[in-house]
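Welcome, and please get your viewer ready. We will go from one selection to the next and look at what is there.

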Amino acid sequence: MIFSSITTIFFFLPIAMLCYFILYKITKKNTLILNIYLCLVSLIFYWWGDSNYYNTKIILLLILVNYFFSYIIRTNTNAYVKRLSAIIAVAFDCITLIRYKYPDIILTGGNIDNLIFPIGISFIIFHCISYIVDIYDIYVKKCGGGCETTNLYLGNEICAFTSFSTYILFFPKLIQGPIVSYNDMRSELENRHINLDMICSGVSRFIMGLSKKVLLADSFGSSLALINRANIIDTPTAWLSVLLYGLQLYFDFSGYSDMAIGLSKMAGFNFKENFNFPYISTSISEFWRRWHISLGTWFRNYIYIPLGGNRTGSVYVNLFIVFLLTGIWHGNTLIYVCWGVAMGIAVLMERTKVYGKIIKKLPCSKAIGWVYTTLFVFIGWTCFRVKNVSDFFEFIKVLCGRYTGELTFTWRYFLTGKNIFLIIISCMGIWALSRKKVKSFFDSHSNNVIFEGLKYILLLLLFSICFIAIVSNGYTPFLYFQF
């Protein structure tokens, strides 16, 4: 089940959320009952698209195994046993990820075509690891093993288990993030508050995300599908495809994140932002502080800092390892590794004295930095479109003007009036909405009745257009499902 389908928008979400609000009122905010309900709803959400229930069984196994080892960490008094339990749990999670996302590593020479890959397995595993590490920190590092279960888990193991299960299964973030650490979500798992402002804000955010996905990302995707069908394309068409894919990937993923954050807010959870206008970045380092923020935060907290961060060891080695793992996390082929390595090298180069003393002091350094960053990032996204490294370099040749054969269509066929309009709207939105003056304008008018009324009329109009587009175009999966 996906957020942008008719079934989800008009049946699943209204029924699920209405029942949730009723439970919230009649149980007087009983968190245990609310968490049990969210677990059941989330399982239905995941199971809906799981034809043989195999993937759902994997998720349940992960929950049981990780909770078992967390129980040992929380209740055993032996520090060695606690540490060993944490290591075994994390190792089990990593092996599970390798088993299903990188099967050729352990099934060399075997037939992997028929293997089932659970949707969202990378996100689910990262949440499991976050839980184990955070629990270990709470019960060993911060409390010295002296914390009582009743202080953190509403008094009993049933509450503890349902809190953990809700953390893993919570359907808005289940299959595509954002990646929320257990520490960030723990207080709201145990005690949450919902009011009308949160519901209205959540609905608004959901509609904005839906509009990004359906009206922008899917439209760019349709044009890219036409380009991909052409056996031979000219150089302008190749550059157009680079632009279209970069915009599609951003609006597809940020749209999903907006919908997830909106749904979470309606349920009483406040998730941090996952995107902060990454395409206005003037360096690769800045881009990674703005793009998929939750993934960067996870790698920083659970990989970079444990390696030593910028305090111990080599900061260059630590950063390189992080970006190497980022590439591996995105895919199971060499092209993803190369992409991660390239991003890591770019970030490391920006930390050198040459970049700081020379590049930053050039005239119009910010403009130059933006051009370089945009080109590097957008061309880098091509790694997600091609099958291997060889195909990538063949595409680079086309970008440089080297293509052979007879063209069926030129760039004029693909650069339609609709594409021009959507590209202009997208770029203006990215630039304008990132300005501080624009943000302050919206903030200053947030309590204005007329302004708020116009905002909701616009949102209703966008939702109506999205409905028409969904009915006309049908099912379109989110791009990040493949990661």
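Which residues touch the most other members of the largest nonpolar core? Select Phe-3, Phe-171, Tyr-279, Trp-291 and Trp-381: they hold that place among the 137 residues of the core. A nonpolar core here is a set of buried Ala, Val, Leu, Ile, Met, Phe, Trp, Tyr and Cys residues joined through side-chain atoms within 4.5 Å. H11 gives the most to this core, with 16 residues.

Some ground rules before we move on. This is a predicted model, in which local features need pLDDT of at least 70 and side-chain atom pairs count only at pLDDT 80 or more, while totals for chains, interfaces and linings use all residues. Residues are numbered from 1 along each chain as its sequence is written, and side-chain values use heavy atoms, with hydrogens and water left out.

Now colour by pLDDT, the predictor's confidence in each residue, from 0 to 100. The chain has a mean of 86, and 90% of its residues reach 70 or more. Over residues 106-113 the value is below 50, and this stretch has 7 contacts beyond near neighbours in sequence (contact means heavy atoms within 4.5 Å). Where pLDDT is low, the predicted coordinates should not be read in detail.

Next, select helix H20, residues 417-432 (helices are DSSP runs of H or I, at least four residues, numbered from the N terminus). Its buried residues are Asn-419, Leu-422, Ile-423, Ser-426 and Ile-430; buried means under 20% relative accessible area and exposed over 50%, with partly exposed in between (1.4 Å probe, protein chains only). Turn to the face away from the buried side to find exposed Gly-417, Phe-421, Met-428 and Trp-431.

Jump to His-127 in helix H6 (residues 121-142). His-127 is buried, at 2% relative accessible area. A polar atom of its side chain lies 2.8 Å from the backbone oxygen of Phe-123. Pro-178 sits in the loop between helix H8 (157-169) and helix H9 (182-190), and a cis peptide bond joins it to Gly-177, with omega about 5°.

Lys-28, at about 55°, is exposed with 73% relative accessibility. Phe-277, at about 50°, is buried at 17%.

Note on methods: Helices (H or I, at least four residues) and strands (E, at least two) are DSSP runs, numbered from the N terminus. The expected span of a helix is 1.5 Å times one less than its number of residues. A polar contact is a pair of N or O atoms within 3.5 Å; within protein, one must be able to donate a hydrogen and the other to accept it, and residues adjacent in sequence count only if both atoms are side-chain atoms.
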